Amino acid sequence: MRFVLVLSILAVSACVPTEPVVSDYNGASVKLVDYAAGKTPENQAEATRICQAGGKHRAEYASSSYNSYTYQSQHLYLCL
């Protein structure tokens with residue numbers, strides 16, 4: 001019984017991604033999805049990396065929205 005409990009806890013904890021995921025990119029902006037409540041250094045680094053790959057110099061934080069059904073935050077960065 002204890003083994004099943006430990007195994008189920010590990011399975012559930014493995015489902016939550018720890019790094020931001022790019023959900024949208026159009027050359028002028030990039031949207032990242034993660035479980036953080038606000039702007040994080042990881043989000044900034046990923047947005048900057050994506051913008052630089054598209055020929056822009058930097059990414060500037062614009063806004064965030066929160067989905068209470070999935071517990072995910074979506075962060076918008078402008079590529080400048």
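The model is predicted, so local features need a pLDDT of at least 70 and side-chain atom pairs count only at pLDDT 80 or more, while totals for chains, interfaces and linings use all residues. Residues are numbered from 1 along each chain as its sequence is written, and side-chain values use heavy atoms, with hydrogens and water left out.

**Confidence**

- The protein chain averages a pLDDT of 85, and 79% of the residues score at least 70; pLDDT is the predictor's confidence in each residue, from 0 to 100.
- Helices (H or I, at least four residues) and strands (E, at least two) are DSSP runs, numbered from the N terminus.

**Salt bridges**

- You'll find 2 salt bridges in the structure, each being a side-chain nitrogen of Lys or Arg within 4 Å of a carboxyl oxygen of Asp or Glu.
- E46 pairs up with R49, with 2.8 Å between the closest N and O atoms.
- These two, E46 and R49, are 3 residues apart in helix α2, which means about one helical turn separates them.
- E46 counts as buried, at 19% relative accessibility, whereas R49 counts as partly exposed at 48%; buried means under 20% relative accessible area, exposed over 50%, and partly exposed in between (1.4 Å probe, protein chains only).
- E60 and R58 make a salt bridge too, at 3.3 Å from N to O.
- E60 is partly exposed, at 35% relative accessibility, and R58 is partly exposed at 44%.

- Y66 sits in strand β3 (residues 59–67) and is exposed, with a relative accessible area of 53%.

**T40 in its loop**

- Look for T40 in the loop between β2 (29–34) and α2 (41–53).
- T40 is buried, with a relative accessible area of 18%.
- Leaving aside residues up to four places away in sequence, T40 touches D34 and Y77, where contact means heavy atoms within 4.5 Å.
- The T40 side chain also reaches the backbone nitrogen of N43 at 3.2 Å.

Note on methods
Polar contact = N/O pair within 3.5 Å; in protein donor to acceptor, adjacent residues only side chain to side chain.
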